[in-house]
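Please find below a short note on the structure.

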Amino acid sequence: MSTEEKSLNFIEQIIEEDLKNGLSKNKLRFRFPPEPNGYLHIGHASAICLNFGLGIDYQAPVNLRFDDTNPAKEEQEYVDAIKRDIEWLGYQWANECYASDYFQQLYDWAVEFVKKGKAYVDSQSSEEMAKQKGTPTQAGTNSPYRNRSVEENLDLLKRMKNGEFPNGTHILRAKIDMAHTNMLMRDPIMYRILHSHHHRTGDQWCIYPMYDWAHGESDYLEQISHSFCTLEFLPHRELYDWFLDQVYDSTKVRPKQREFARRNLSHTVVSKRKLLQLVEEKHVSGWDDPRMSTISGMRRRGYPPMAIRNFAKTIGIAKRTNLIDVSLLEFCVREELNKTTHRVMAVLNPVKLIITNYPEGKEEWLEAENNPEEEVMTYRKVPFAKELYIEREDFQEEANKKFFRLTLGTEVRLKNAYIIKGESVVKDADGNITEIHCTYDTDSRSGSGTEASQRKVKGTIHWVSIQHAIPAEVRIYDRLFSHESPDGNKEIDFKEFINPNSLEVITGYVEPSLQSAKNLDQFQFQRLGYFCVDKDSSAEKLVFNKTVGLRDTWAKVEAKD
RNA sequence: UGGUCUAUGGUGUAAUGGUAACACUACGGUUUUUGGUGCCGUCUUUCUAGGUUCGAGUCCUAGUAGACCAACCA
């Protein structure tokens, strides 16, 4: 154990306080409660990492609970995807739970509420009820059905449950206070009639509990000690506690709801409704399209799970409204990838380079470091020959002194190979360069130990041997949106939001060692960025997705000139 | 025009009445067989006004600004 002082966020302070006040440590229990109506996205990362992180820190169980109280929107596919994503992030839940597991208990409690005069069946239309509810500045008025007899309420509730009424004809409401300043306390709905097939309970139920009625009671049934949610649920806390008061047995743990601010990421849309729209209207290939802000999209894009966890840790937990710059996320991704990825050579925009004094037909297999950051260095062999591809941007016939790469008459090192000197170019009729001719210093091979191999030249460029290189499909993704504000309530306008160039597919040439790359294997293409292999059964070529670029100082230097 | 929550650099988070700090970004230097990485540095911060206190980012009051609340969604 280190004595290093760790500052606690306000959530951890609440837990410490409760522990100090007598809550025993083995009663700690947390939960992550997604609704299975979409895929998890980066906006969920904070809640996931908070709850599962607390579970790890306090060695307490964390339940994964699906808040499946609205069968109209929920599907098994989403349940599966959520489980997959949480596992991929490296977390384990203690129990897989469903709000629907508690439907019977919830119903039995509701019957008790009715018997005690704490709930009644209202038979107005939703419009009428909305009118009676008042506004934030104006008290509501009582429903004409508010004082129905217990017997009548019991009978109606039973018939609601038995499916005797169509949707929308009756609801069960808690009887609290229609004049309460908190609108959620104005006789909130507990059950609505919904003749809808549920992905787990099938057609067993046709009345479904509302969030407020199901959530706190589910926490209680699972004996969750701390129920953390986002700030928009803060006004719900009073109702959460009211419902709990009605069923609470003082020998049990009483769950405590506390709220933290949801994180907003600049230039990123994370509303499930909008992500669903992108999928359904086929603007993207699916929920796991690498342009999506979903966890599964980021996985396919090559984001390492630890990067997402570190990101969540770095942005912390607080209550202020916020807009986090995506550059922080990208920093976390690079930080992780830098430690682990092999540096390999690929040329995405090739131009032919011929070494005039290199023997025709000769090939050499040169040794290359996999990753200069590795503690124990590993190496691979790369083939070298007379004709190479280099990056078109790595050559200029004449250049200013800030250009570190190949020009006519200057020397650069071919990474892992020889020092070469630009001699001449061949152009087509339009003046485009088709070949660059150079000579090499025969004594300068990397690692040969000769004096020439130690020479400093002003630049190093990457290359691939034309006869050995593998053509590969390289998909370069932009972030899908470039809208400054987070979601808001505005309708999504695809013309405004979608960058039509958000996906660029090109053919690049990669070194032959990548032939055996596996799905999601990650590489840093020298000076081009981080890429991951995306195995696509329909594609014959190797397919790479661009994960994230390197820090692009080179573009800035050029911009300055 | 009600209630609740929030307010620390460009961004995010800390400082728990006692020297305002860490990270990202930006910029500069340095190392480098990647214009990457690493290392060093610079810039920029307590919403306003009162009050309590020896001492306030922190506590109190008022103001200002922002967020949330009127789904048979969660």
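Is F525 buried or exposed?

1. In this predicted model, F525 is buried, with a relative accessible area of 0%; the cut-off for the term is under 20%. F544 is likewise buried, and its relative accessible area is 0%.

2. The count of aromatic pairs comes to 27. In one of them, the ring centres of Y78 and W287 lie 5.8 Å apart with the planes at 80 degrees, so the pair is edge-to-face. Y78 belongs to helix α3 (residues 76-88) and W287 to the loop between α9 (272-280) and α10 (295-301), so the contact ties together parts 209 residues apart in sequence. Both Y78 and W287 are buried.

3. For F525 and F544 the ring centres are 5.1 Å apart and the planes stand at 70 degrees, so this pair is also edge-to-face. F525 lies in strand β23 and F544 in strand β25, 19 residues apart.

4. Strand β24 runs antiparallel to β23 (residues 522-525), joined by four bridges, and antiparallel to β25 (residues 542-548), again through four bridges. C532 stands opposite Q522 and opposite N545 in β25. β23 and β24 form a hairpin with three residues between them, and R527 in the turn has a positive phi of about 60 degrees.

5. Five of the five residues of β24 (residues 529-533) are buried, so the strand is largely enclosed by the rest of the structure. On one side G529, F531 and V533 are buried, and on the other Y530 and C532.

6. Two charges sit over rings: K161 lies over the face of Y107, at 5.0 Å from the ring centre, and the charged end of R299 is over the ring of W88, 5.5 Å from its centre.

Technical notes:
Residues are numbered from 1 along each chain as its sequence is written. Chains are lettered from A and ligands numbered from 1 in the order in which they are written. This is a predicted model: local features need pLDDT of at least 70, side-chain atom pairs count only at pLDDT 80 or more; totals for chains, interfaces and linings use all residues. Side-chain values use heavy atoms; hydrogens and water are left out. Buried means under 20% relative accessible area, exposed over 50%, partly exposed in between (1.4 Å probe, protein chains only). Helices (H or I, at least four residues) and strands (E, at least two) are DSSP runs, numbered from the N terminus. Two strands pair if DSSP finds at least two bridges between them. Rings of Phe, Tyr and Trp (its six-membered ring) pair if their centres lie within 6.5 Å; planes under 30 degrees apart count as stacked, over 60 as edge-to-face and the rest as tilted. A charge sits over a ring if NZ of Lys or CZ of Arg is within 6 Å of the ring centre and within 35 degrees of the ring normal.
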